[in-house]
Amino acid sequence: MLAVVQQDEFGTSVRFERRLKHSVEKVWSYLTDNEKLTQWFSELKVEDLRLGGRMTFDMQDGNFEEMEITNYRELSVLEYTWGEDRVRFELYPEAEGCRLVLIEKITKLTDHTPKDIAGWDVCLDVIEALLEGRTMESRKDVWSAKYEQYVQQFEALPRQ
């Protein structure tokens with residue numbers, strides 16, 4: 001199932017939702033504990049986990065992009081800047097685990113957008129696999145299939 005994409009006068013919002021059979025605490029640790037974070041997004045690191053704190057993204061060329069944590073509620077919300085965009089994780093406890101919501105607010109769509117969105121989708125698949133003690137055979141194959149679907153989804157949107 002693909003993310004839900006919506007547009008308004010402020011830009012584009014992409015919303016992913018996963019129901020996980022694991023506690024909020026356990027899922028939160030994959031978003032905020034660098035040892036677990038690196039297992040699903042090796043370039044991303046928590047530097048200072050608090051409102052106004054920061055995340056860093058390793059550009060893999062010796063440079064690091066700093067991202068400010070713009071909303072933070074322990075075990076509930078982690079939101080940070082991503083260039084001109086925002087990435088927001090929300091966790092909601094449920095009877096059999098929790099619901100993980102990832103929302104990316106995109107200021108401007110580019111040809112790279114479907115690649116990024118397919119990447120986030122695969123990242124969430126990897127988190128789910130890690131929580132369940134599984135590994136993904138080929139992230140690249142999964143990404144390629146999702147990427148083609150997102151290209152079609154974004155091509156159908158009006159350009160802003």
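A residue is called buried when its relative accessible area is under 20%, exposed when that area is over 50%, and partly exposed in between. The exercises below apply these terms to a predicted model.

**Exercise 1. Find which residues of helix H4 are buried, and state how they are arranged around the helix.**

Solution. 
Step 1. Locate the helix: H4 covers residues 139-155, which makes 17 residues. From its first C-alpha to its last, H4 reaches 24 Å, close to the 24 Å expected at 1.5 Å a residue.
Step 2. List the buried residues of H4: they are Lys 146, Tyr 147, Tyr 150, Val 151 and Phe 154.
Step 3. Look down the axis of H4. The buried residues fall within an arc of 155 degrees, so they line one face of the helix.
Step 4. Recall the general rule: an α-helix has 3.6 residues a turn, so residues three or four places apart point the same way.
Step 5. Turn to the face away from the buried side, where H4 carries the exposed residues Asp 141 and Gln 152.
Step 6. Identify the packing partners. The buried residues of H4 pack against strand E1 (4-8), strand E2 (11-20) and helix H3 (113-131).

**Exercise 2. Describe the setting of Thr 12: is this residue buried or exposed, and what does its side chain contact?**

Solution. 
Step 1. Apply the cut-off. Thr 12 has 3% relative accessibility and therefore counts as buried.
Step 2. Examine the neighbouring strand. E1 and E2 pair in the antiparallel sense over five bridges, and a hairpin of two residues joins E1 to E2.
Step 3. Find the residue across from Thr 12: Gln 7 stands opposite. The side chains of Thr 12 and Gln 7 make a polar contact at 3.4 Å.
Step 4. Follow E2 to another pairing. Nine bridges join E2 to strand E8 (residues 97-106), and the two run antiparallel. In this pairing Ser 13 stands opposite Lys 105 in E8.

**Exercise 3. Determine which residues have the most contacts inside the largest nonpolar core, and which element gives the most to this core.**

Solution. 
Step 1. Note the number of residues in the core: there are 44.
Step 2. Name those with the most contacts inside the core: Phe 16, Leu 31, Trp 40, Tyr 80, Phe 89 and Trp 120.
Step 3. Assign the main contributor: H3 gives the most, with nine residues.
Step 4. Take Leu 31 as a case. Not counting residues up to four places away in sequence, Leu 31 touches Leu 37, Trp 40, Val 46, Leu 78, Phe 89, Leu 91, Leu 100 and Ile 127.

Terms used. Residues numbered from 1 in each chain as written. Predicted model: local features only at pLDDT ≥ 70, side-chain atom pairs only at ≥ 80, totals over all residues. Heavy atoms only, no water. Helix = DSSP H or I, 4+ residues; strand = E, 2+ residues; numbered from the N terminus. Expected span 1.5 Å × (residues − 1). Buried < 20%, exposed > 50% of the residue type's maximum accessible area, 1.4 Å probe, protein only. Arc of directions from axis to C-beta. Contact = heavy atoms within 4.5 Å. Polar contact = N/O pair within 3.5 Å; in protein donor to acceptor, adjacent residues only side chain to side chain. Pairing = 2+ DSSP bridges. Core = buried A, V, L, I, M, F, W, Y, C linked by side-chain atoms within 4.5 Å.
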